[in-house]
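Subject: Structure handover

Hello,

My notes on what was found in it follow.

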Amino acid sequence: MLNKAPNLKNTVKRKMKTNINVRPASEAMIELLTLLFLRSLAEEAKAKAFEEKSATIRAQHLRAISKKVLKKARG
């Protein structure tokens, strides 16, 4: 399993608006928050798959818990 999402920094930069300058410390914080969100999403999906007695995490598990995780991330 990968410890880091591939090309995450490039994806975050691409999604940002071009007229905003982001300092390196802020860029690192954005990347860390994204990784933290992905980890919590994976943990919830794993729990959902275990609940359904499935050995693998499938797209249906992610869809089932994505709304809950997004609400929790927003606060």
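His-61 is a residue of helix H3. Please keep in mind throughout that this is a predicted model. With a relative accessibility of 0%, His-61 counts as buried, because the cut-off for that class is under 20%. Leaving aside residues up to four places away in sequence, His-61 touches Ala-45, Lys-48, Ala-49, Glu-52, Ser-54 and Thr-56. Two of these names, Lys-48 and Glu-52, come back below as partners in a salt bridge.

**The overall layout**

For orientation, the protein has three helices and zero strands. Along the sequence this reads as the pattern α-α-α. The protein has 75 residues, and 15% of them count as buried.

**How H2 and H3 pack**

Two packed helices are described by the angle between their axes and by the distance between those axes. For H2 and H3, the angle is about 135° and the axes are 9 Å apart. H2 is therefore oblique to H3. The crossing of these two helices is right-handed.

Which residues make the contact? On the H2 side they are Phe-37, Ser-40, Leu-41, Glu-44, Ala-45, Lys-48 and Ala-49. On the H3 side they are His-61, Leu-62, Ala-64, Ile-65, Ser-66, Lys-68, Val-69, Leu-70, Lys-72 and Ala-73. Sorted by class, the contact of H2 with H3 has ten nonpolar, three polar and four charged residues.

**Salt bridges**

How many salt bridges does a search of the whole structure find? The search finds four.

- Lys-68 and Glu-44: their side chains meet in a salt bridge at 3.3 Å, N to O. This pair links distant parts of the chain, since Lys-68 belongs to helix H3 (residues 59-74) and Glu-44 to helix H2 (residues 24-51), 24 residues apart. Lys-68 has 48% relative accessibility and so counts as partly exposed. Glu-44, at 21%, also counts as partly exposed.
- Glu-51 and Lys-48: here the side chains meet in a salt bridge at 3.8 Å, N to O. Both residues are in helix H2, and because they are three residues apart there, about one helical turn separates them. Glu-51 is exposed, with a relative accessible area of 58%, whereas Lys-48 counts as partly exposed at 21% relative accessibility.
- Glu-52 and Lys-48: the side chains of this pair meet in a salt bridge at 3.9 Å, N to O. Glu-52 counts as partly exposed, at 41% relative accessibility.

There is also a network of salt bridges, which links Glu-44, Lys-68 and Lys-72. Each of these three residues is listed in the contact of H2 with H3 as well.

**Lys-53, in the loop**

Lys-53 is found in the loop between H2 and H3. What is the phi of Lys-53 near? It is near 55°, a positive value in a residue other than glycine. Lys-53 is exposed, with a relative accessible area of 78%.

Leu-33, placed in helix H2, is 40 residues from Ala-73 in sequence, while their C-alpha atoms are 9.9 Å apart in space. Leu-33 counts as exposed because its relative accessible area is 51%, and the cut-off is over 50%.

The other pair is Ser-66 and Ala-42, which are 24 residues apart in sequence and 9.9 Å apart in space, C-alpha to C-alpha. Ser-66 lies in helix H3 and is partly exposed, with a relative accessible area of 27%. Ser-66 is also one of the H3 residues in the contact with H2.

**In brief**

Regards

How values were computed. Residues are numbered from 1 along each chain as its sequence is written. This is a predicted model: local features need pLDDT of at least 70, side-chain atom pairs count only at pLDDT 80 or more; totals for chains, interfaces and linings use all residues. Side-chain values use heavy atoms; hydrogens and water are left out. Helices (H or I, at least four residues) and strands (E, at least two) are DSSP runs, numbered from the N terminus. Buried means under 20% relative accessible area, exposed over 50%, partly exposed in between (1.4 Å probe, protein chains only). Axes are lines fitted to C-alpha atoms, for helices over the stretch in contact, and angles run from 0 to 180 degrees between N-to-C directions. Angles under 35 degrees count as roughly parallel, over 145 as roughly antiparallel, 65 to 115 as roughly perpendicular and the rest as oblique. A crossing is left-handed if the near helix is turned anticlockwise from the far one by less than a right angle, and right-handed if clockwise. Contact means heavy atoms within 4.5 Å. Ala, Val, Leu, Ile, Met, Phe, Trp, Tyr, Cys and Pro count as nonpolar, Asp, Glu, Lys and Arg as charged, and the others, Gly among them, as polar.
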